[in-house]
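Got a model open and wondering where its labels come from?

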Amino acid sequence: MKAIAGTILSMGQLILVTGPARSGKSEWAEQLADKTDKQVVYVATAQVDPNDLEWVARIEKHQQRRPAEWTLVWTPIDLVETILEWDQPDYCLLIDSLGTWVANCLDQEDGIWQDTTDTLWRTVNQSSATIILVAEETGWGVVPAYPLGRTFRDRLGQVVRQFGMIANPVYLVTGGHVLNLSTLGSPLSRESLP
């Protein structure tokens with residue numbers, strides 16, 4: 001186990017790193033994963049479109065930053081299966097990102113989406129691996145003018161809140177700084193979710 005920013009990383013721990021776009025949240029999550037001294041499995045939720053050159057360049061930049069010995073697993077939708085596959089105490093799963101995963105699942109009807117997130121929550125909560133979740137912060141601005149935008153914002157906000165209640169620590173990366181929200185605040189109860 002290693003102490004990082006006043007926190008002990010240990011078996012079965014869940015860490016949440018959240019923040020706005022281009023804040024450095026992925027870089028911070030990568031530093032945390034590297035310091036666990038566990039075998040790191042980088043779970044990429046992106047879907048790669050070779051025709052989107054800007055998106056491909058972003059993905060390549062992330063890949064160049066990561067250690068070559070990390071295992072890369074592409075998982076745009078089936079996070080539960082991936083977590084179960086690598087569910088061992090000597091693994092650290094860095095899942096980047098929840099926002100992309102939510103976007104990939106936007107076509108799910110509300111009931112199916114609820115089942116999907118409940119299953120993911122239970123799987124993460126029971127995992128013996130260290131799991132680091134990277135999530136985007138949305139909803140700090142204007143309410144989207146179109147229904148799909150509102151659905152994305154609401155679903156991502158709810159998922160981040162659910163995991164934020166059980167993660168320790170929870171980090172907010174913004175303005176070039178990392179804030180440990182677990183030492184600055186108190187989590188809401190899961191029962192308070194809408």
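Here is a run of questions and answers on this predicted model.

Q: What are the ground rules for numbering, confidence and atoms?
A: Residues are numbered from 1 along each chain as its sequence is written, and side-chain values use heavy atoms, with hydrogens and water left out. Since the model is predicted, local features need pLDDT of at least 70 and side-chain atom pairs count only at pLDDT 80 or more, while totals for chains, interfaces and linings use all residues.

Q: How many of the residues score at least 70 in pLDDT, as a percentage?
A: The figure is 92% of the residues, and the protein chain averages 89; pLDDT is the predictor's confidence in each residue, from 0 to 100. Over residues 1–10, though, the pLDDT is below 50. That stretch still has 26 contacts in the model beyond near neighbours in sequence, a contact being heavy atoms within 4.5 Å. Where pLDDT is low, the predicted coordinates should not be read in detail.

Q: Why is helix H1 called largely enclosed by the rest of the structure?
A: Because seven of its ten residues (25–34) are buried. Buried means under 20% relative accessible area, exposed over 50%, and partly exposed in between (1.4 Å probe, protein chains only). The buried residues in H1 are Lys 25, Ser 26, Trp 28, Ala 29, Glu 30, Leu 32 and Ala 33.

Q: What makes Trp 28 buried?
A: Trp 28 has a relative accessible area of 16%, so it falls under the cut-off and counts as buried. This residue is found in helix H1.

Q: How do you know whether Val 134 is buried or exposed?
A: Its relative accessibility is 0%, so Val 134 counts as buried. Val 134 lies in strand E7. Leaving aside neighbours within four places in sequence, Val 134 is in contact with residues including Lys 25, Ser 26 and Ala 29, as well as Leu 94, Ile 95 and Asp 96. Its C-alpha atom is separated by 9.4 Å from that of Trp 28, 106 residues apart along the chain. Val 160 is 26 residues apart from Val 134 in sequence and 9.3 Å apart in space, C-alpha to C-alpha.

Q: Why are Arg 22 and Asp 37 called exposed?
A: Arg 22 comes in at 61% relative accessibility, so it counts as exposed. Asp 37 has a relative accessible area of 59%, so the label is exposed there too. Arg 22 sits in the loop between E3 and H1, and Asp 37 in the loop between H1 and E4. Phi is positive in each case, near 60° for Arg 22 and about 60° for Asp 37, although neither residue is a glycine.

Q: What is the volume of the largest pocket, and which residues are closest to its centre?
A: The volume is about 700 Å³. Of the 28 residues that line this pocket, the closest to its centre are Ser 26, Trp 55, Arg 58, His 62 and Asp 96. H2 gives the most to the lining, with seven residues. On a 1 Å grid over the protein atoms alone, a pocket is an open set of points where a 1.4 Å probe fits, with protein on both sides within 12 Å along at least five of seven lines; lining residues have an atom within 4 Å of a point. Grid points are joined across faces, edges and corners, and the volume is the space filled by probe spheres set on the points.

Q: Which peptide bonds are called cis, and at what omega?
A: The bond from Asp 96 to Ser 97 is cis, with omega near 10°, and Ser 97 is in the loop between strand E6 (91–96) and H4. A cis peptide bond also joins Asn 168 and Pro 169, where omega is about 10°. Pro 169 is placed in the loop between H6 and E8.

Conventions:
Helices (H or I, at least four residues) and strands (E, at least two) are DSSP runs, numbered from the N terminus.
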